Amino acid sequence: PMILDALIKVKDEIDSTLTFRRSCREGICGSCAMNINGKNGLACLLYIEPSAKPIEIQPLPHTYVVKDLVPDLTNFYNQYKSIEPWLKRKDVKAKGDAESFQSR
């Protein structure tokens, strides 16, 4: 099982107030990012290794915490918007064009 599975189990069966983000469960969206055993990673991608040692889970470092494992991502999204990491057209789309095709 993954760390995220354990967090869901804790939330469902032990402490329903536990708060964390999750979405795709496939390591694509990054919403389950947290600090696990001192390293930043995605809870949906990190296996629970068989060990007697406890697993330490913290919110992402250097971020304000909204609640439990939920960081405030306002600054992240502002930085993301400022660098504009998306494709941009060089020409203006003609009036009436419904779609922008990636290939011809």
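What is the volume of the largest pocket? The largest pocket comes to about 380 Å³. A pocket here, worked out on a 1 Å grid over the protein atoms alone, is an open set of points with protein on both sides within 12 Å along at least five of seven lines, while a cavity is a set of points where a 1.4 Å probe fits but cannot get out. Grid points are joined across faces, edges and corners, and the volume is the space filled by probe spheres set on the points.

Before going further, please keep in mind that this is a predicted model, in which local features need pLDDT of at least 70 and side-chain atom pairs count only at pLDDT 80 or more, whereas totals for chains, interfaces and linings use all residues. Residues are numbered from 1 along each chain as its sequence is written, and side-chain values use heavy atoms, with hydrogens and water left out.

## The pocket and its lining

The lining of the largest pocket consists of 17 residues, where a lining residue has an atom within 4 Å of a point. Leu60, Thr63, Pro71, Leu73 and Phe76 are the ones that lie nearest the centre of the pocket. By type, the lining divides into nine nonpolar, six polar and two charged residues. In this scheme Ala, Val, Leu, Ile, Met, Phe, Trp, Tyr, Cys and Pro count as nonpolar, Asp, Glu, Lys and Arg as charged, and the others, Gly among them, as polar. Helix α2, which covers residues 74–83, gives the most to this lining, with four residues. Helices (H or I, at least four residues) and strands (E, at least two) are DSSP runs numbered from the N terminus.

## A three-stranded sheet

Let us turn to the strands. The order in an open sheet of three strands is β2-β1-β3, and the pairing is antiparallel. The edges of this sheet are taken by β2 and β3 (57–58), each with a single partner strand, so one side of each has no neighbour in the sheet. Two strands count as paired if DSSP finds at least two bridges between them. Strand β1 (residues 33–36) and strand β2 (residues 39–42) are joined in the antiparallel sense over four bridges. Along this pair, Ala33 stands opposite Leu42, and Met34 faces Gly41.

Asn35 also belongs to strand β1. Because its relative accessibility is 12%, Asn35 counts as buried; the cut-offs are under 20% relative accessible area for buried, over 50% for exposed and partly exposed in between, with a 1.4 Å probe and protein chains only. Leaving aside neighbours within four places in sequence, Asn35 is in contact with Asn40, Glu56, Ile57, Gln58, Pro59, Leu60 and Pro61, contact meaning heavy atoms within 4.5 Å. With one of these, Asn40, the side chain of Asn35 makes a side-chain polar contact of 3.0 Å. A polar contact is a pair of N or O atoms within 3.5 Å; within protein, one must be able to donate a hydrogen and the other to accept it, and residues adjacent in sequence count only if both atoms are side-chain atoms.

The hairpin of β1 and β2 has two residues between the strands. Asn37 is found in this loop and has a positive phi of about 50° although it is not a glycine. Glu84, in the segment after α2, likewise has a positive phi of about 50° without being a glycine.

## Residues elsewhere in the chain

Ile3 sits in helix α1 (residues 3–13). Not counting residues up to four places away in sequence, Ile3 touches Ile36, Ala43, Leu46, Tyr47, Ile48, Ile55 and Ile57. Asp72 lies in the loop between β5 (70–71) and α2, and touches Thr63, Tyr64 and Val66 when residues up to four places away are left out. The side chain of Asp72 also makes a polar contact of 2.6 Å with the side chain of Thr74. Ser103 is placed in the segment after α2.

How accessible are some of these residues? The table lists their relative accessibility.

| Residue | Relative accessibility | Class |
|---|---|---|
| Ile3 | 4% | buried |
| Asp72 | 33% | partly exposed |
| Glu84 | 35% | partly exposed |
| Asn37 | 46% | partly exposed |
| Ser103 | 58% | exposed |

Finally, some distances between C-alpha atoms. Ile3 and Met34 are 31 residues apart along the chain and separated by 10 Å. For Asp72 and Pro1, 71 residues apart in sequence, the separation is 27 Å. Ser103 and Glu56 are 47 residues apart in sequence and 48 Å apart in space.
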